[in-house]
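Hi everyone, thanks for coming.

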Amino acid sequence: MSSGLYSGFSDVAKQAMMQTQESMLEVKSKKNKLYIGIPKEITFQENRIALTPLSVALLVNNGHHIMLESNAGKAANFLDNHYSEQGAQIVYDSKEVYENADIIIKVAPPTLKEIDMMKPGQILISTLQISTMKTECLQAMINKKITALSFEHLRDEGGSLTVIRAMSEIVGATSILIAAEYLSNVFDGKGLMLGGITGVPPTEIVILGAGTVGEYAARTAISLGAEVKVFDPSIYKLRRLQNNIGTRIFTSVVQPIVLEKAITTCDVAIGAMRAEDGRSPCIITEETVSRMKPNSVIIDVSIDQGGCFETSEVTNHTNPVFRKYDVIHYCVPNIASRVARTATYALTNIFTPILLDIGEQGGLKNVIWQKQGVRNAVYIYQGHLTNKHIGDRFNVPSKDLDLLIVSNR
């Protein structure tokens, strides 16, 4: 089918969606009891959990059943008794969670072992992480006719990527607090206090990237009294950051001479450059890093996309840093798991309303029909791949989600 004809069908589907609101009102009153499963995360150092005990209480009070694998919330300091007291059923075998729940909600993408335990037609809500996804995992979900939603593509009413923004706010602020630790004597740093006091020059911090991570890193650094410089190729992003922060700070497009001078004289460099697809731009060379001041700190937030610094290598929460050219490198991909309880509160605020909606509207199909932000997150629908980018990457044919929903109504 030609792309023009295909696009025409998609437009017809969208028009059909706009013209059948009366039937939606009839469906809306038909509530569903949801059977929600929360398995324990098995991905290395994933400490977050999707729902807090109070969110579980809200869902249970609305007639839904929550099945939680024992110790699923332990890494975020939520214990089994916290959940059981709010009405959750605690089970001791992950297989029992996957076999009985209609909706599985977890943080990390499912492994092949976890997909094997899922029952046909199940709904999965988790991260996607397309850069590490394997073809066999995708095919296994398609074969089981899973409906899968990715956190990364959920959008709120304003159109922003709601989970990405929440995690970016956490990571931006936390990256400065991490830098403060490694500047201190406790971690064999320079012995500097991040910020400044009367009569003592403030700490100099360079932030690469003016997105949400860069903005919240700048906010935190400024509040501690540091001198902040932000670099980004986009004038629009730099202007937006200035306006959001509400104070004038040093901003610059990426001019190699200006950037190199700032990096070689700063105390802390934060790498927060992101790429829409593929690798983040590596804009700081090894030669530049070699000329940084001894015991300076690099926090490469973009390491999950390859990193902004040529000297960056992936580390973990157990061994978070290494030294190269006497510069401390912190390159942990999952910084949000360092503050897992805060991250869990942020996640639960997003997912609980969606789960309540699924129950209230009589099923996920009706929520997808009504809410563009949720529809945007669907990448497999009843065993059909609906995300063109994933289809192109893995050479798997994709279908238009609007047409699938219309044909199933």
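I'll start with rings that pair with each other and then turn to charges over rings.

A quick word on the background: this is a predicted model, where local features need pLDDT of at least 70 and side-chain atom pairs count only at pLDDT 80 or more, while totals for chains, interfaces and linings use all residues. Residues are numbered from 1 along each chain as its sequence is written, and side-chain values use heavy atoms, with hydrogens and water left out.

So, how many aromatic pairs does the structure hold? There are six. Rings of Phe, Tyr and Trp (its six-membered ring) pair if their centres lie within 6.5 Å; planes under 30 degrees apart count as stacked, over 60 as edge-to-face and the rest as tilted.

Take F78 and Y83: their ring centres are 6.3 Å apart and their planes meet at 70°, so this pair is edge-to-face. F78 is buried at 4% relative accessibility, and Y83 is buried at 0%. Here buried means under 20% relative accessible area, exposed over 50%, and partly exposed in between (1.4 Å probe, protein chains only). Ring pairs also bring in Y345, giving a cluster of F78, Y83 and Y345.

Next come Y182 and F187, with centres 4.7 Å apart and planes at 45°, so they are tilted. Y182 is buried at 6%, whereas F187 is partly exposed at 36%.

Finally, the charges. One sits over a ring if NZ of Lys or CZ of Arg is within 6 Å of the ring centre and within 35 degrees of the ring normal. R219 lies over the face of Y216, 5.3 Å from the ring centre. Likewise, the charged end of K229 is over the ring of F250, at 5.1 Å from its centre.
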